[in-house]
Amino acid sequence: LHSIKEHLGGKVKIIGQGAGLHLVLELTEGLEYDAGLIERAKHQGCRLLSFSDFYAEGRKEHNKLLLGFGGIPMDEIPAGIDLLSGLLE
């Protein structure tokens, strides 16, 4: 949470943090991920999941991301969040 606040600042709002080893981030107004964001992140070694993939009815969300942090060493999380910040610019 500290890394998100530090690196993403006003770019996101944390809307789901009680989901165990995942967080749901809502991107702020005027900031939507495009179709290539997940692919660009993958090439940088960062796996992002579109929140839309988790709706049973296939509803599309263009401003929410699901971040998983299970199995990631604590000291690697700030670099991953910083990478995400760069991808969202």
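**View 1. Contacts of Val 12.** Leaving aside residues up to four places away in sequence, Val 12 touches Ile 4, Leu 25, Glu 26, Leu 27, Thr 28 and Leu 88, where contact means heavy atoms within 4.5 Å. This is a predicted model, in which local features need pLDDT of at least 70 and side-chain atom pairs count only at pLDDT 80 or more, while totals for chains, interfaces and linings use all residues. Residues are numbered from 1 along each chain as its sequence is written, and side-chain values use heavy atoms, with hydrogens and water left out.

**View 2. The buried residues of H3.** Ile 81, Leu 84, Ser 85 and Leu 87 are the buried residues of H3, buried meaning under 20% relative accessible area with a 1.4 Å probe and protein chains only. Seen down the axis of H3, these residues fall within an arc of 165 degrees (taken from the directions from the helix axis to the C-beta atoms), so they line one face of the helix. Their cover includes H1, strand E2 (22-27), helix H2 (37-43) and E4; helices (H or I, at least four residues) and strands (E, at least two) are DSSP runs, numbered from the N terminus.

**View 3. The largest nonpolar core.** Among the 16 residues of this core, those that touch the most other members are Ile 4, Leu 8, Val 12, Leu 25, Leu 48, Leu 84 and Leu 88. At least two core residues come from each of H1, E2, H2, E4 and H3. Such a core is a set of buried Ala, Val, Leu, Ile, Met, Phe, Trp, Tyr and Cys residues joined through side-chain atoms within 4.5 Å.

Terms used: Buried means under 20% relative accessible area, exposed over 50%, partly exposed in between (1.4 Å probe, protein chains only).
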